Amino acid sequence: MQFCPKMDTEDAFFIYVLESYKASKKLTGAQALAELKNTGAADFIKQNFGALHTMSIESILQDIDEFLQKKN
């Protein structure tokens with residue numbers, strides 16, 4: 001049984017990372033999405049799906065933090 005047959009794996013993964021990022025930073029969903037989009041981190045997540053999806057969520061969040069630090 002598929003939960004959402006029209007959602008592909010990469011989209012589902014992005015939502016998982018977004019929700020995890022939101023919880024770790026204590027942000028609303030809108031705030032987390034805006035931050036990831038405005039900083040380019042959303043593109044980073046999507047472009048690196050192949051590597052990121054094999055990592056723990058803690059490692060993924062650390063990679064996002066490192067990406068954001070390099071942007072500043």
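**View 1. Two aromatic pairs turn up in a search of the whole structure.** Rings of Phe, Tyr and Trp (its six-membered ring) pair if their centres lie within 6.5 Å, with planes under 30 degrees apart counted as stacked, over 60 as edge-to-face and the rest as tilted. Phenylalanine 13 and phenylalanine 49 sit edge-to-face, 5.4 Å centre to centre with 75° between the planes. Phenylalanine 13 belongs to helix H1 and phenylalanine 49 to helix H4, so this pair ties together parts 36 residues apart in sequence. Helices here are DSSP runs (H or I, at least four residues), numbered from the N terminus. This is a predicted model: local features need pLDDT of at least 70, side-chain atom pairs count only at pLDDT 80 or more, and totals for chains, interfaces and linings use all residues. Residues are numbered from 1 along each chain as its sequence is written, and side-chain values use heavy atoms, leaving out hydrogens and water.

**View 2. Phenylalanine 44 and phenylalanine 67 are stacked, because their centres are 4.8 Å apart and their planes at 20°.** Phenylalanine 44 is in helix H3 and phenylalanine 67 in helix H5, so the pair ties together parts 23 residues apart in sequence.

**View 3. Lysine 46 lies over the face of phenylalanine 14.** The distance to the ring centre is 5.1 Å; a charge sits over a ring if NZ of Lys or CZ of Arg is within 6 Å of the centre and within 35 degrees of the ring normal.

**View 4. Lysine 26, with a positive phi near 55°, follows H1.** Helix H1 covers residues 9-25, and lysine 25 has its place in that helix.

Conventions. Helix = DSSP H or I, 4+ residues; strand = E, 2+ residues; numbered from the N terminus. Expected span 1.5 Å × (residues − 1).
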